[in-house]
Amino acid sequence: MTPEDAASRAVEAVLFASEHPLNLDEIKAHVGPELDVRAALSNLEALYAGRGIELVRRGDRWHFQTAADLAHLLRRDREESRKLSRAGIETLAIIAYHEPVTRAEIEAIRGVQISKGTIDVLMEAGWVRPAGRREVPGRPLMYATTAGFLTHFGLASRRDLPGIDDLKAAGLLDPVDLAMEALGEGGDDEPEPSEIESVTEDE
């Protein structure tokens with residue numbers, strides 16, 4: 001057995017036994033700093049490509065999961081779904097696209113106050129975490145998404161979040177910009193693009 005194979009086997013065993021995704025430092029704490037963990041992960045990623053189990057990266061963490069196209073085989077007949085309120089969905093989206101963000105900043109974007117329970121629900125779901133304090137008077141607490149958020153929504157990183165055009169194409173955003181343009185055609189002044197974008201984000 002080559003050293004590369006031994007390293008891959010060690011990393012494979014650690015990831016299989018872990019109850020949660022691990023980053024490089026956590027893997028090295030188990031297998032030792034002398035092993036090339038990055039190379040081992042690359043080898044395992046190629047080894048498991050196209051199989052029933054795949055090695056995936058979520059943010060800076062790695063874990064094994066059932067291949068996405070086979071997930072339906074493991075679903076139970078009865079599933080307990082977690083439903084978010086509209087306020088919860090909007091708050092989660094704002095945090096994901098603007099993190100780290102304070103409660104006041106979330107309320108400024110939404111245009112309404114949010115209850116403390118809204119953020120509590122997102123934290124209990126494991127999708128949102130405290131992310132330090134803003135260095136301004138009062139030092140308000142900031143919030144950011146977690147690795148669990150990336151895992152749940154199948155994202156490798158926040159860069160994979162859909163853009164405004166993607167959301168519109170999927171029918172997930174109200175066409176506020178088209179309405180504003182229609183209003184502009186009836187008057188002398190057409191609204192600036194920045195104004196349209198700000199309205200879209202505040203919805």
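This is a predicted model: local features need pLDDT of at least 70, side-chain atom pairs count only at pLDDT 80 or more; totals for chains, interfaces and linings use all residues.
**Ground rules.** I number residues from 1 along each chain as its sequence is written, and side-chain values use heavy atoms, with hydrogens and water left out.

**Entry 1, the open sheet.** I looked up the strands (DSSP runs of E, at least two residues, numbered from the N terminus, whereas helices are runs of H or I of at least four) and their pairing, for which DSSP must find at least two bridges between two strands. Three strands form an open, antiparallel sheet in the order S1-S3-S2. Strand S1 (22-23) and S2 stand at the edges with a single partner strand each, so one side of each has no neighbour in the sheet. Six bridges join S2 to the antiparallel strand S3 (residues 61-66), and I find Ile53 bridged to Thr66 in S3.

**Entry 2, strand S6.** I then asked how S6 (residues 141-145) sits: four of its five residues are buried, so the strand is largely enclosed by the rest of the structure. Here buried means under 20% relative accessible area, exposed over 50% and partly exposed in between, with a 1.4 Å probe and protein chains only. Strand S4 (residues 101-102) pairs with S6 in the antiparallel sense over two bridges, Thr102 standing opposite Met142. Strand S5 (residues 128-133) also runs antiparallel to S6, joined by four bridges, and Arg133 has Leu141 as its bridge partner.

Taking a salt bridge as a side-chain nitrogen of Lys or Arg within 4 Å of a carboxyl oxygen of Asp or Glu, I count six. Glu90 and Arg110 form one of them, their closest N and O atoms being 2.7 Å apart; the pair links helix H4 (residues 86-98) with helix H5 (residues 103-110) across 20 residues. Both Glu90 and Arg110 are buried. Glu105 forms a salt bridge with Arg134 at 2.9 Å between the closest N and O atoms; Glu105 lies in helix H5 and Arg134 in the loop between S5 and S6, so the pair ties together parts 29 residues apart in sequence. Glu105 is partly exposed at 31% relative accessible area, and Arg134 is partly exposed at 25%.
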